[in-house]
Amino acid sequence: MLDFVGKRKWYFLFSALVILVGVVSLIAFGLKGGIEFTSGSTMTVDFEQTVEQADLRDEMANLGHDDAIIQRTGEGDFLIRTRELEPEVRDPETGEVITPAERDMIEEALEQRFGTLTVLDFSSVSPIVATEIGRNAAIAVIVATVGILLYITWAFRRLVKPLRFGVCAIVALIHDVLVVLGTFALLGGIMGIEIDAMFITGALTVIGYSVHDTIVVFDRIRENMAKRAGKNLEETINNSILETLGRSLNTSLTVLFVLLALFLFGGATIQNFVLVLIIGVTTGTYSSVCIAAQLLIVWEKREIPRLLRRLLPRRALLREA
Amino acid sequence: MGRRNKLTLIGIILLVAFAACVMLIDKIDLPLIGERDGMRLGLDLQGGTNLIYEADFSDIPSGERSARLSETKRIIERRVDALGVTEPVIQTMGNDRISIQLPGVTDIEKAKDLVGQTAILEFWEQTGISDAATEAVGAGDTQIVVNNAGSFSVGDIITIGLWQHPWSEDDDEALTDARTIADIALDTNTLTLDSALTRDYNPGEEGWVQGWTPAAGTLNGEAKPLTGTYLKDSYPDLRGQTNEPVVVFEWDSDGAELFSQITGRLINNPLGIVLDNELISAPTVESQISDQGVITGLDIEQAKRLSIQLDTGALPVPLELVREQTVDATLGEDSLDKSLIAGIVGLALVLAFMIIYYRLPGVLASLALLIYTAFLLAIFKMVPVTLTLAGIAALILSIGMAVDANILIFERTKEELRAGRGLKAAIEAGFDRAWPSIRDSNVSTFITCAILYWFGNEFGAAPVMGFALTLFIGVAVSMFTAIIVTRTFLRLISLTPVAKRVGLFRP
């Protein structure tokens, strides 16, 4: 029989390394916020003729937007990001246009220099909204976490220590969120991928999925504990993991199948969002089996205080040397 | 047992037939649900403009805010109606935002103008009147049959309906579309309008069609229509023995001159008071008046609001544009096509996996999954949910998650088979034992969906709300199909000779 539980140190070490890389990336690069976080305007422009990125940058600088960020998309269109563009100003009395909208001015100038173009999408966010999203996202994550903690504690209320199940599921959930955040910090640093409201949606969905997955494993532990199957907690949990492993892998596979289809064929607009889900579903499955369930044993056997005791004197020694 | 399963099966077949009908019929009209034509696509799938405004409530007492916001929404709806945009969606979000979705409109400046324009007060005098069409007219119609077309002339503004009850929020018949007559056919008593009506009317015996033209006078030898620009002040008041709420308005000197000319001419005739191109009241002029007038037929709240509107010449609360987005129609179409392909490929992969891995139960689960997809599409056609790109992503994701319940059940059934139980007992045990896991795990998804919906609403992000709602509906429906549908199929099959071949159940 496979011994999952005995190798728990290695899972923790692996997770710690992945999260360490993520946290380092978060500190080094930070998350690159899109206009929904920082305010500003973006437009995706499709030129009929071939346009060089350098020429486009040059023209934007001529228009007074030398800080514009210009990227070529996978489909050969250009994504232009600027500060928030000003709307048109009219005389309140006569209704005559005093200054045209900045967006129109940019479009006209680009059309003059590079020929016919289509603005595929345009989006603008004011600072009022931008300051809120971070706060609301944090509130959403905290409320979701607390809600799930309460629910699991309630669902497992017949067991001796129901709160433990809730806390372990939350730790696994935080693990998954950290992996996703770390990956996107890394991708942001390397490829300039930005995060937006859909990223937060993806992260919250990952939270839901991660817990969904953990609950199935916990549920089997609950059942096996009630049946008093297994000599001790370790064996009970190991059996429960093995019994649910087929389901865990198969469900994740079906979800990954559809996500992969969306990633490959769904178009560029939602690709980053789907990527969040792919990473989240993978780590969510891993953490249910290798983190959440194992933490129950660590807690029961008081391994963390023991670990700390083993580490602390050594650190004290180092300090002396 | 067999009988009950057969009944359930018949129920399932009826539901599937119903879903198929809903999907195939273009325009559906159901009791309780009402009329819907097709799925409503979000702007990211069909192109258009989305504007989100934030109300500035700093000068407004908190008790009045929500009333002001909904009044603002109503005025914007009216202005958008006048533009003739098909299926605009105007909704309040959070407690201080209004989101305006204009499908097909990609000219942001035009859209912004429309919303930001000030309230326009006009006065109309009557040119003609006729009994209304005996036939009902509705949204989309450009022609009205009246009893006496001869009393109108081309260029007249016409209003239809029971205009005696102006400003009623819930009585649609009182809200009159104002349209200009483009052509008159005397032989058929038919009026052709310059643009299609946006509301339905069934005037019956009581209805009228009235023709109007802006009331004008002469100032320094020039003809000038009387409008709100000559207004000096306005305030709400209670008048008469019944303390009827009114709005009193006062004119500046030019306005008083025009008003006196017009009221002098119109004694014993109605004077239409028009706000934002909508006839709100048409009192009969009793005497010549110059510097002051009253608008009647309002309740106290309406009088207060109208007075504010006339005073500031604007919406009941100042709005600031905080977010705008336009999507080109070609990009929208492209996204729709791509996500359809992704959905089909994803569904096919899941079906193939389930059949290869779980054999006969896999086939049944696949059938259940197809039924699930049909239900979901039918639901989206019936419920007024706007389908966005994020919503489609949720729909496709929910296909992957929908089989989770079946996987849980089948894994359980396999265990029971391995433990030596008979097929029927194993199937029943599989369902019973898997149920707590299915229930508990889906509740966590429901919790996240609810929070996501709140987050989207608070932030004014329609895609987030669409995603949350779609995922919620998807998971809820999947619990039904994966459990009831698959279970009925399995039970029925376990009664047939196929059940003897256990190899079909256990790879």
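Two strands are said to pair if DSSP finds at least two bridges between them. The close-up views below are taken from a predicted model.

**View 1. A strand of chain A pairs with a strand of chain B.**
Strand 6 of chain A, residues 117–125, is joined to strand 20 of chain B by five bridges. These two strands run antiparallel. Within strand 20 of chain B, Thr326(B) is the residue that stands opposite Phe122(A).

**View 2. The side of chain B that touches chain A.**
In this contact, 56 residues of chain B meet 56 residues of chain A. Several elements of chain B each supply at least two residues of this side: helix 4 (108–116), strand 20 (319–327), helix 7 (329–382), helix 8, helix 9 (423–459) and helix 10. Helix 9 of chain B provides the largest share, with 14 residues. Sorted by class, the side of chain B that touches chain A comprises 32 nonpolar, 12 polar and 12 charged residues.

**View 3. Helix 8 and helix 10 of chain B.**
Helix 8 of chain B spans residues 389–418, and helix 10 of chain B spans residues 462–494. The axes of these helices come within 8 Å and cross at roughly 25°. Angles under 35 degrees count as roughly parallel, and helix 8 and helix 10 of chain B are therefore roughly parallel to each other. Their crossing is right-handed. The residues of the contact between helix 8 and helix 10 of chain B divide into 17 nonpolar and nine polar, with no charged residues.

Technical notes: Residues are numbered from 1 along each chain as its sequence is written. Chains are lettered from A and ligands numbered from 1 in the order in which they are written. This is a predicted model: local features need pLDDT of at least 70, side-chain atom pairs count only at pLDDT 80 or more; totals for chains, interfaces and linings use all residues. Axes are lines fitted to C-alpha atoms, for helices over the stretch in contact, and angles run from 0 to 180 degrees between N-to-C directions. Helices (H or I, at least four residues) and strands (E, at least two) are DSSP runs, numbered from the N terminus. Angles under 35 degrees count as roughly parallel, over 145 as roughly antiparallel, 65 to 115 as roughly perpendicular and the rest as oblique. A crossing is left-handed if the near helix is turned anticlockwise from the far one by less than a right angle, and right-handed if clockwise. Ala, Val, Leu, Ile, Met, Phe, Trp, Tyr, Cys and Pro count as nonpolar, Asp, Glu, Lys and Arg as charged, and the others, Gly among them, as polar. Two residues are in contact if their C-beta atoms, placed from the backbone, lie within 7 Å.
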